[in-house]
Amino acid sequence: MARGESSRLGARPVVVGIGLAVATGLAVAASLTWGSADLGPGRVWSALLGGGPEVDRLIVWQLRVPRVVLALAVGGGLAVVGVAMQALVRNPLAEPYILGASSGASAGAALFYLGFLPAIVSRTVSMPVAATAGAWLAVATVFAAARRGPTLSTTRLLLAGVAMSALLGSVTAFVTYASPEPDKLRAVLFWLLGSLSRARWETVLAPLVVSLLSLGGLWALARPLDLLTTGEEPAAGLGVPVEALKRTLIAIAAVATGVLVASAGVIGFVGLIVPHAVRLVAGATHGRLVPFAFAGGALFLLLADLAARTVLPGQEVPVGVLTAICGVPFFLAILRRFGSGLA
């Protein structure tokens, strides 16, 4: 399969890789330059080298560079998590937001932040751990509801994901409503709508490390993932430890989603849009799909964040709103295309 696909695609993957690198470089330059205080390219370059006014260095190094790093990490991480979940269920509609993982992570983070967890739990865990636990519980429940014996129904999987997202969204709304500290309401909206505005150097390390580890782990599993897409029985017949591989994919998806949501809130549809776009231009072989999806997701969220900061003068649109505006029509188009095969 890989050899035939390589022959069909020719040099297209090389062109795609070069295009992604160039586009990402331009997007990074624009993100460092444009914002509430527009800095010209010369002032940005001078600040990056340690020169220029102190306020320029503060804006560039303490605000915009961490925000760019967080956008690249979260976008890339969500995209490869989407690749993992689509390989896991062998369905193009799977992604963390639709299957409830993002809502579970958001509910876990909100319960921790607003003090609704038992004191002994709050003292022993951090917000990323609480978000990861929420994502894990949501995904495990959705898969348990969708599975009937050895068969995993796509229809039940999507319905269970929608129901779980609605339930956990209600949990987040309730704890927000019942919180004794109304000043924290705005902070909880951050998780519900998604934003990169809180990016600081001390908060970008965890999502960056988790995203890079997810990228490396899934890239190392490229061959087993290719075989898994042919079906569990054929993959097992070729020596793939299917159950262990599925547990590994669920673990990667839960941990990555939990840490990324704790850092940037619920940002949906990145894991749906980007893997599909990459498959169209670079093929479905996971050896190319995983790294290109990471690069494409990083670029997509960087551009979405740039639009969120500049589309309305004087105010910032939550980036999760923009990704949803892009993602919902895309999801409906895919649902219509593959609808006959979902039952």
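Helices (H or I, at least four residues) and strands (E, at least two) are DSSP runs, numbered from the N terminus. Counted in this way, the protein chain has 16 helices and two strands. The model is a predicted one, in which local features need pLDDT of at least 70 and side-chain atom pairs count only at pLDDT 80 or more, while totals for chains, interfaces and linings use all residues. Residues are numbered from 1 along each chain as its sequence is written, and side-chain values use heavy atoms, with hydrogens and water left out.

**The chain as a whole**

- The C-alpha trace of the protein chain spans about 65 × 55 × 35 Å along its principal axes.
- Of the 343 residues, 50% count as buried, where buried means under 20% relative accessible area, exposed means over 50%, and partly exposed lies in between (1.4 Å probe, protein chains only).
- Among contacts (heavy atoms within 4.5 Å) between residues at least 6 apart in sequence, 76% join residues at least 24 apart.

**The packing of H14 and H15**

- Helix H14 (residues 270-282) packs with helix H15 (residues 286-310) at an angle of about 125 degrees, and their axes are 9 Å apart; axes are lines fitted to C-alpha atoms, for helices over the stretch in contact, and angles run from 0 to 180 degrees between N-to-C directions.
- H14 and H15 are therefore oblique to each other, since angles under 35 degrees count as roughly parallel, over 145 as roughly antiparallel, 65 to 115 as roughly perpendicular and the rest as oblique.
- On the H14 side the contact is made by Val-270, Ile-273, Val-274, Pro-275, Val-278, Arg-279 and Ala-282, and on the H15 side by Arg-288, Leu-289, Phe-292, Ala-293, Gly-296, Gly-297 and Phe-300.

**Two single residues**

- Phe-269 is found in the loop between helix H13 (242-264) and H14, and has a positive phi of about 75 degrees although it is not a glycine.
- At 6% relative accessibility, Phe-269 counts as buried.
- Gly-169, found in helix H8 (residues 154-178), counts as partly exposed at 32% relative accessibility.
- Gly-169 and Gly-239 are 70 residues apart in sequence and 41 Å apart in space, C-alpha to C-alpha.
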